[in-house]
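Please keep the sequence and the structure in view while reading.

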Amino acid sequence: MLYSTRGIVLRLSQYKDNSYIAEIYTQKFGKVSFAVHRPQSKKASIRTYHLMPFSLIDMQIEYKENRDIQKIREASLAAECYAVVDSPVKGLICQFMAEVVSKTLEHNNADEILFDYFTSLIGNISSSESLGTFPLDFLLGYAQYLGIYPDDGEGNEFIRLLSAEDKGLLLNALNDTSLLNRVERRRAINILLKYYQYFLPSMGAVKSLDVITD
């Protein structure tokens, strides 16, 4: 059956010589894997730039219950994403966010509130000229939706294990990320990723971390 839905691209991997598997968080069905054929002409309905990490796309899909891999019939990039496509820095931050979400969003069910949060992130990064705190703000904001937001009290077992210096830095980040300098933000991002991994052991390493902290 054909459906129209919006989706946020999380991961794209090679499937066969002429196709990909795209992992997309859809507004209607949650996290779904789609088979996408490599575009063969400029008139193809799905272009590679539609599937950049954390792109917001409008799709017409063929969806069947109990099928592992679904099909995209048509896709178009949301207008607010063109500013990201034209900015390498914004693109790298989106790559980081997409990887974190792909590795931590375990349920496949649709969640309108979470989808709206991701959509607001895309709008914010598209319109923002100052991106220094964006990755850190994302990790803190997304932690709330995962139910693991760092409690700054003594009851948080992870925070109790931190050195006094790292604990102070994390608490400062919880209070106001804009007060941290570049080096402190980088350290805080590393601490928060370890925090995610502590509560979500299956997450593993985040490969795109290096490109946003260089």
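This is a predicted model: local features need pLDDT of at least 70, side-chain atom pairs count only at pLDDT 80 or more; totals for chains, interfaces and linings use all residues.

## Aromatic ring pairs

**Tyr-25 and Phe-118**

- Tyr-25 and Phe-118 form an edge-to-face aromatic pair, with 5.7 Å from centre to centre and 80° between the planes.
- The pair links distant parts of the chain, since Tyr-25 belongs to strand S2 (residues 19–26) while Phe-118 belongs to helix H3 (residues 112–127), 93 residues apart.
- Tyr-25 is buried, its relative accessible area being 0%, and Phe-118 also counts as buried, at 0% relative accessibility.

**Phe-158 and Tyr-195**

- The ring centres of Phe-158 and Tyr-195 are 5.2 Å apart and their planes stand at 80°, so this pair is edge-to-face.
- Because Phe-158 lies in helix H5 (residues 157–161) and Tyr-195 in helix H7 (residues 182–199), the pair ties together parts that are 37 residues apart in sequence.
- Phe-158 has a relative accessibility of 8% and therefore counts as buried, the limit being under 20%, and Tyr-195, at 2%, counts as buried by that limit too.

**A cluster of rings**

- Ring pairs join Tyr-25, Phe-54, Phe-96, Phe-115, Tyr-117, Phe-118, Phe-138, Tyr-142, Tyr-145 and Tyr-196 into a cluster.
- Tyr-25 and Phe-118, the edge-to-face pair described above, are among the members of this cluster.

How values were computed
Residues are numbered from 1 along each chain as its sequence is written. Side-chain values use heavy atoms; hydrogens and water are left out. Rings of Phe, Tyr and Trp (its six-membered ring) pair if their centres lie within 6.5 Å; planes under 30 degrees apart count as stacked, over 60 as edge-to-face and the rest as tilted. Helices (H or I, at least four residues) and strands (E, at least two) are DSSP runs, numbered from the N terminus. Buried means under 20% relative accessible area, exposed over 50%, partly exposed in between (1.4 Å probe, protein chains only).
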